[in-house]
Amino acid sequence: MTGLDLEDARRLEIISWFGHMIGNTDMHLGKAALILADRLPLRLAPVYDMLPMALRPASNGEILDRSIDIPPPSAKQFPQWRQAALMAEDF
């Protein structure tokens, strides 16, 4: 048995794609946390600190022209990529 169930693993992949798509360049530990319990599978905790850091102003307040590079998904990743794209578009 793995640490996450299949649905939480799928959600974690969507969260990762979403972060890339909105320009979250501060994705330390994937912005993922687990709810600790006495048995497996562990549950994925709510997302936290998901911000488009690539689009932040410079420290002097200047708005910089920055691009967001999004890696292409593999065929296997496409369903999660598509879901994240819809979420990013709404965001």
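In this predicted model, the count of aromatic pairs comes to two. In one of them, the ring centres of Phe 18 and Phe 91 lie 5.7 Å apart and the planes meet at 80 degrees, so the pair is edge-to-face. It joins distant parts of the chain, since Phe 18 belongs to helix H1 and Phe 91 to the segment after H2, 73 residues apart. Phe 18 has a relative accessible area of 11% and is therefore buried, whereas Phe 91, at 57%, counts as exposed.

Phe 78 and Trp 81 also pair, in a stacked arrangement with 5.5 Å from centre to centre and 25 degrees between the planes. These two residues are three apart in helix H2, so about one helical turn separates them. Phe 78 is partly exposed at 42% relative accessible area, and Trp 81 is partly exposed at 23%.

Phe 18 is also part of the largest nonpolar core, which has twelve residues, among them Trp 17, Met 27, Leu 44, Met 50 and Ala 88. Helix H1 (6-22) and helix H2 (78-90) each supply at least two of the core residues, and H1 gives the most, with six. Beyond its neighbours within four places in sequence, Ala 88 is in contact with Phe 18, Met 21 and Ile 22. In soluble globular proteins, nonpolar side chains tend to be buried together.

Some nonpolar residues lie on the surface instead: Leu 55, Ile 68 and Ile 70 form a patch there, with about 240 Å² of accessible area together. Ile 68 sits in the loop between strand S2 (43-44) and H2. Its relative accessibility is 30%, so Ile 68 counts as partly exposed.

Definitions and conventions: Residues numbered from 1 in each chain as written. Predicted model: local features only at pLDDT ≥ 70, side-chain atom pairs only at ≥ 80, totals over all residues. Heavy atoms only, no water. Core = buried A, V, L, I, M, F, W, Y, C linked by side-chain atoms within 4.5 Å. Buried < 20%, exposed > 50% of the residue type's maximum accessible area, 1.4 Å probe, protein only. Helix = DSSP H or I, 4+ residues; strand = E, 2+ residues; numbered from the N terminus. Contact = heavy atoms within 4.5 Å. Patch = residues over 30% accessible without salt bridge, like charges linked within 9 Å, V, L, I, M, F, W, Y side chains within 5 Å. Areas by Shrake-Rupley, 256 points an atom, 1.4 Å probe, with all protein chains shown as cover. Salt bridge = Lys/Arg side-chain N within 4 Å of Asp/Glu carboxyl O. Phe/Tyr/Trp six-rings, centres within 6.5 Å; stacked < 30°, edge-to-face > 60°.
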